[in-house]
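I opened the model to look things up one element at a time. My entries follow in the order I made them.

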Amino acid sequence: MRIRKLSECTINRIAAGEVLERPSSAVKELVENAIDAGSTQIDVVFRGGGKSLIRVTDNGCGMSPDEMVLALERHATSKLSDDDLIQIHTLGFRGEALPSIASVARLSLTSHAQNSGDAFKLEVEAGSPANPAPARLAQGTEIEVRDLFYATPARLKFLKSDRSELAEAVDVVRRLALAHPAIGFSFASEDRQWLSAPQGESAMARVSRIMGAEFMANSVAVQHQAEHIRVEGFVSLPTYSRGNGAQQFAFVNGRPVRDKLVSGAIRGAYADVLPSGRFPSTVLFVDCAITHVDVNVHPAKTEVRFRDASLTRSIIIAAIKRAFAAAGLRPDSAKASATIHSFGHQNWQPPSAGAVQNALDMNMPLAGFAEEAAPAIAMDFPLGMARAQLHDTYIVAQTANGFILVDQHAAHERIVYERLKAERAAQGIQTQPLLIPQVIELDAAAIAQLLSLDEDLASLGLRLEAFGDNAVLVREVPSALARADLTSLLRGLVDVAVEEGEASALPQRINHLLATMACHWSVRAGRSLRADEMNALLREMERTPNAGQCNHGRPTFIALEMKDIERLFGRS
Ligand SMILES: Nc1ncnc2c1ncn2[C@@H]1O[C@H](COP(=O)(O)OP(=O)(O)OP(=O)(O)O)[C@@H](O)[C@H]1O
Ligand SMILES: [Mg+2]
């Protein structure tokens, strides 16, 4: 093979590989262009998972016919005033989004420039534009993208289901709408309006519209400035956490980012108050002097680099901690965690069925707690006998050579999960239709995520359907879940949908869904248990595989041996 120069079209397709990961990336680029054009209203139409049509209409400054042609050329931009890439005030600056999209899709561009009498339309197929012809359009620009990725079949193959692509695209527009409350946004797919936010909202009203009332009720306001950095927004209370980071919205100088420094700082701020594997919901706006942040580090412009990274990190952490302090919350004291550290988590193996049977054969009363429990017999149970419940959350059980402290929710969660798996493997999960179907309110993006898994959920006995714009209808549930809090259950399942998508293997996805169901079905922390209930839980734990950890990987119990206790009291 001889070295040859690639054609302009091939170069653009290669760039498209980086800039356009999936249909939502095209939505992001087009909406960002509309924002940069000074629009006050931006409307998005999205069909067939973004593959049949993406249409973005704005009322911004528009383009003249000459500019329209130029806009489709690679490395042509109206946004860079300096060549050293310091003063970047716009979302775009690379001059490659439109030519990249045009190289992998059929694109048409209609525009009516400000202060000009006419609109023009220009069609591009496989990267080559026709001449602009007169058209009709009120002021602004309308871009239609059809058959996205038809020219790059390899990329087409990697797309997820239409529902998942739709959910991603809604998410992208939600993020941009959060950062630009003055602009009106709408997002429609074939069957419904997923987002509709009016022009001229206050920042607070926009956050509340996009994030929902529940988030507002469970979050605290952040407002902090130090040096040249200002951090504002809302962060959820530690008790309102999720199974993944999908509800973390962060913006740097108005640009939505999925930035490691910012997410690391959020993790740092919650480290004392949230177990690992749980994520807060946040809407955080970090603003700093434009010269202190480099936005040219990622082809899709979703990451940034701060000139003073560690200062920025500590200011974000301080901002969040101050917000908690102002709200009257105190992070765990270091002392408590040091004490907990001295409690080791035993590498405990479930006893053989024979050992449990032996203990039962000895006629051990299950409510043995109240009957001076015959310590010699109790000691035959690896997890001992329940002696007390603390704060309606922890069970204290005396074992042969010490005691254990059991987290009742974590333990029950594991038991239920293993039982559901066994039930599914045997005769299938028992279900129960609801006499009165329940309407559960969720935001539009959450609904789209949830419905992307509706077949999986139906196979587990949970039948859902869309109900209006902001709710789903639950028709049938697994029998055991009949009394569960369906709102929080569905929220948990949305998190699974976000994390797993349809890309992950079916068994992994199903197990994740079952684990989430188990979590919501289990004895909550904060419920008082009778002695026989506590002992039954301990015995179940002994029978259940993996009972040492809950489904989130946290220990279900910690054990302290007599020798540890003696050491704590300085007796040995
Ligand atoms: N909706 C629009 N309204 C007015 N002008 C637009 C619009 N969309 C694009 N343009 C013009 O077309 C140019 C090229 O757009 P394109 O998105 O390809 O590059 P960019 O926005 O400059 O940089 P980036 O590649 O980082 O997005 C823009 O600089 C802008 O001048
Ligand atoms: Mg652009």
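**Entry 1: a hairpin and its next strand**

I began at strand β20, which is joined to β21 (residues 402–407) by 6 bridges, the two running antiparallel. Two strands count as paired if DSSP finds at least two bridges between them. Helices (H or I, at least four residues) and strands (E, at least two) are DSSP runs, numbered from the N terminus. I noted that this is a predicted model, in which local features need pLDDT of at least 70 and side-chain atom pairs count only at pLDDT 80 or more, while totals for chains, interfaces and linings use all residues. Residues are numbered from 1 along each chain as its sequence is written, chains are lettered from A and ligands numbered from 1 in the order in which they are written, and side-chain values use heavy atoms, with hydrogens and water left out.

Which residue of β21 is the bridge partner of Tyr 394? I found Asp 407 there. The hairpin between β20 and β21 passes through 2 residues. On to the next pairing: β21 and β25 (residues 557–561) are antiparallel over 5 bridges. Gly 402 has Glu 561 of β25 opposite.

**Entry 2: His 391**

I then checked the loop between β19 (385–390) and β20 (394–399), where His 391 sits. His 391 has a positive phi of about 50 degrees, and it is not a glycine. Most residues other than glycine have a negative phi. Is His 391 buried or exposed? Its relative accessibility is 73%, so it counts as exposed. The cut-offs are under 20% relative accessible area for buried and over 50% for exposed, with partly exposed in between (1.4 Å probe, protein chains only).

Lys 301 is another non-glycine residue with a positive phi, here about 60 degrees. I located Lys 301 in the loop between β17 (293–294) and β18 (305–306). Lys 301 has 4% relative accessibility and therefore counts as buried.

How many residues surround ligand 1? I recorded 22, and the closest are Asn 33, Thr 77, Ser 78, Lys 79 and Lys 301. A residue belongs here if one of its heavy atoms lies within 4 Å of the molecule.

Asn 33 has a polar side-chain atom 2.8 Å from an oxygen atom of ligand 1. For Thr 77, an N or O atom in the side chain is 2.6 Å from a ligand oxygen atom. For Ser 78, the distance from a polar side-chain atom to an oxygen atom of ligand 1 is 2.5 Å. On its own, ligand 1 has 590 Å² of accessible area, and the protein covers 95% of it. That area comes from the Shrake-Rupley method with a 1.4 Å probe.

**Entry 3: Ala 26**

I stayed with helix α2, where Ala 26 is found. Ala 26 has a relative accessible area of 0% and is buried. Its contacts, leaving aside neighbours within four places in sequence, are Leu 20, Ile 54, Ile 101 and Leu 148. Contact means heavy atoms within 4.5 Å.

**Entry 4: an open sheet**

In what order do the 3 strands of the open sheet stand? I read β22-β24-β23, with antiparallel pairing. β22 (431–441) and β23 (463–466) are at the edges with a single partner strand each, so one side of each lacks a neighbour in the sheet. The twist averages 15 degrees from one strand to the next. Axes are lines fitted to C-alpha atoms, for helices over the stretch in contact, and angles run from 0 to 180 degrees between N-to-C directions.

Helix α17 (residues 486–500) packs on this sheet and touches β22, β23 and β24. The direction of α17 makes about 80 degrees with that of β22.

I listed the bridges next. β22 and β24 (residues 471–478) share 7, and β23 and β24 share 4. Val 472 in β24 is the bridge partner of Ile 440 and also of Ala 466. The hairpin of β23 and β24 has 4 residues between the strands, and Gly 468 in the turn has a positive phi of about 65 degrees.

**Entry 5: Thr 516**

My last stop was Thr 516 in helix α18 (residues 506–521). Thr 516 counts as buried at 11% relative accessibility. Beyond its neighbours within four places in sequence, Thr 516 is in contact with Leu 489, Gly 492, Leu 493 and Val 496.

Conventions: Polar contact = N/O pair within 3.5 Å; in protein donor to acceptor, adjacent residues only side chain to side chain.
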